[in-house]
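Subject: Structure handover

Hello,

Here is the structure for you to look at. My notes on it follow below.

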Amino acid sequence: MALRPVQVNIKALDDSAVGRFWAEALGWSVSSGVPGVTTYVGPVGGFVWPDPVAVCVDVVTVPEPKTTTKNRVHLDLATTSAAHQAELVARLQALGATPADVGQGKVPWTVLADPEGNEFCVLEPREIYRDIGPIAAVVVDCADPQVMARFWGEAMDWPLHEVTDDHAVLRSAKGVGPYLEFLRTPDVKTVPDRVHLDLLPYPGDDRAAEVARLRALGATDLDLGQGDVPWTRLADPEGHEFCVLAPS
């Protein structure tokens with residue numbers, strides 16, 4: 001039994017504007033959604049959700065603006081050359097991204113924020129991300145990367161590629177799609193997640209059984225006022241929100 005990550009959920013005051021930004025940023029299209037409620041962004045060219053490679057973006061309207069607190073989950077975007085990195089940064093800023101200082105100091109990647117302040121990184125070219133697509137990794141700040149890697153590795157049946165006291169990396173055993181990375185950070189979670197992963201059972205698997213399995217692994221139920229919805233909202237061992245979706 002396992003779950004697959006199918007989308008990154010981003011909360012926004014204006015789902016349409018943020019959705020358009022991420023569609024342009026990733027070279028994807030706004031594939032569906034309900035204006036004023038949610039905007040779904042996915043690859044172009046006959047894309048059918050859920051895809052075995054792509055982790056899409058779902059922008060959901062909320063009434064609260066982002067606080068000044070840095071998100072604990074963000075996207076890293078891949079580039080293929082120094083020229084590509086510079087071009088992508090310039091294009092993203094023209095689309096409304098702004099430089100962001102999260103204490104990174106002098107690093108070879110560029111930290112930006114989308115039009116509503118959600119931080120993300122444009123990486124320098126790295127061989128590990130060659131031919132991976134526009135999203136190199138979903139990155140999670142945490143206190144203990146090893147604990148997080150164990151939970152998420154078992155939740156999704158993803159093998160561990162690298163682990164140290166400060167960094168852990170997972171990826172699908174099929175060798176496709178973005179990586180999931182955990183970085184040790186000194187700050188602690190103080191506000192609800194603005195960005196989180198949505199997981200989906202594989203065809204034929206029982207969603208209720210998967211949710212029970214996650215609870216046994218250390219997940220806890222999370223009530224943020226979602227009411228009666230067809231998905232289950234949970235938190236991982238460090239309190240990061242995620243959802244288990246119903247097949248549709």
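Phenylalanine 21 and tryptophan 22 are both buried, where buried means under 20% relative accessible area, exposed over 50%, and partly exposed in between (1.4 Å probe, protein chains only). This is a predicted model, in which local features need pLDDT of at least 70 and side-chain atom pairs count only at pLDDT 80 or more, while totals for chains, interfaces and linings use all residues. Residues are numbered from 1 along each chain as its sequence is written, and side-chain values use heavy atoms, with hydrogens and water left out.

Aromatic pairs

How many aromatic pairs does a search of the whole structure find? The count is seven. Rings of Phe, Tyr and Trp (for Trp, the six-membered ring) pair if their centres lie within 6.5 Å; planes under 30 degrees apart are stacked, over 60 edge-to-face, and the rest tilted.

Phenylalanine 151 has 4% relative accessibility and counts as buried. Tryptophan 152 is buried too, at 5%. Ring pairs also link Phe21, Trp22 and Phe120 into a cluster.

Helix packing

Two packed helices are described by the angle between their axes and the distance between the axes. Helices (H or I, at least four residues) and strands (E, at least two) are DSSP runs, numbered from the N terminus. Axes are lines fitted to C-alpha atoms, for helices over the stretch in contact, and angles run from 0 to 180 degrees between N-to-C directions.

Start with helix H1 (residues 15-26) and helix H2 (residues 82-94). Their axes come within 10 Å and cross at roughly 160°. H1 and H2 are therefore roughly antiparallel; angles under 35 degrees count as roughly parallel, over 145 as roughly antiparallel, 65 to 115 as roughly perpendicular and the rest as oblique. H1 contributes Phe21, Glu24 and Ala25 to the contact, and H2 contributes Leu88, Arg91 and Leu92. Contact means heavy atoms within 4.5 Å. The residues of the contact of H1 with H2 divide into four nonpolar, no polar and two charged.

Now helix H3 (residues 145-156) and helix H4 (residues 207-217). H3 and H4 pack at about 160°, with axes 10 Å apart. That makes H3 roughly antiparallel to H4. Their crossing is right-handed. Phe151, Glu154 and Ala155 in H3 meet Arg213, Leu214 and Leu217 in H4. The contact of H3 with H4 has four nonpolar residues, no polar ones and two charged.

Positive phi

Most residues other than glycine have a negative phi. Aspartate 131 has a positive one, near 65°. Aspartate 131 sits in the loop between strand E8 (119-122) and strand E9 (135-142). Its relative accessibility of 77% makes aspartate 131 exposed. Aspartate 157 also has a positive phi, near 60°. Aspartate 157 is in the loop between H3 and strand E10 (160-163). At 54% relative accessibility, aspartate 157 is exposed.

Single residues

The contacts below leave out residues up to four places away in sequence.

- Alanine 23 lies in helix H1. At 6% relative accessibility, alanine 23 is buried. Alanine 23 is in contact with Trp28, Ser29, Val30 and Val41.
- Serine 32 lies in strand E2 (residues 29-34). Serine 32 is partly exposed, at 41%. Serine 32 touches Thr39 and Tyr40.
- Valine 191 is in the loop between strand E12 (179-184) and strand E13 (195-201). Valine 191 is partly exposed, at 27%. Valine 191 touches Thr67 and Thr69.

Best wishes

Methods:
A crossing is left-handed if the near helix is turned anticlockwise from the far one by less than a right angle, and right-handed if clockwise. Ala, Val, Leu, Ile, Met, Phe, Trp, Tyr, Cys and Pro count as nonpolar, Asp, Glu, Lys and Arg as charged, and the others, Gly among them, as polar.
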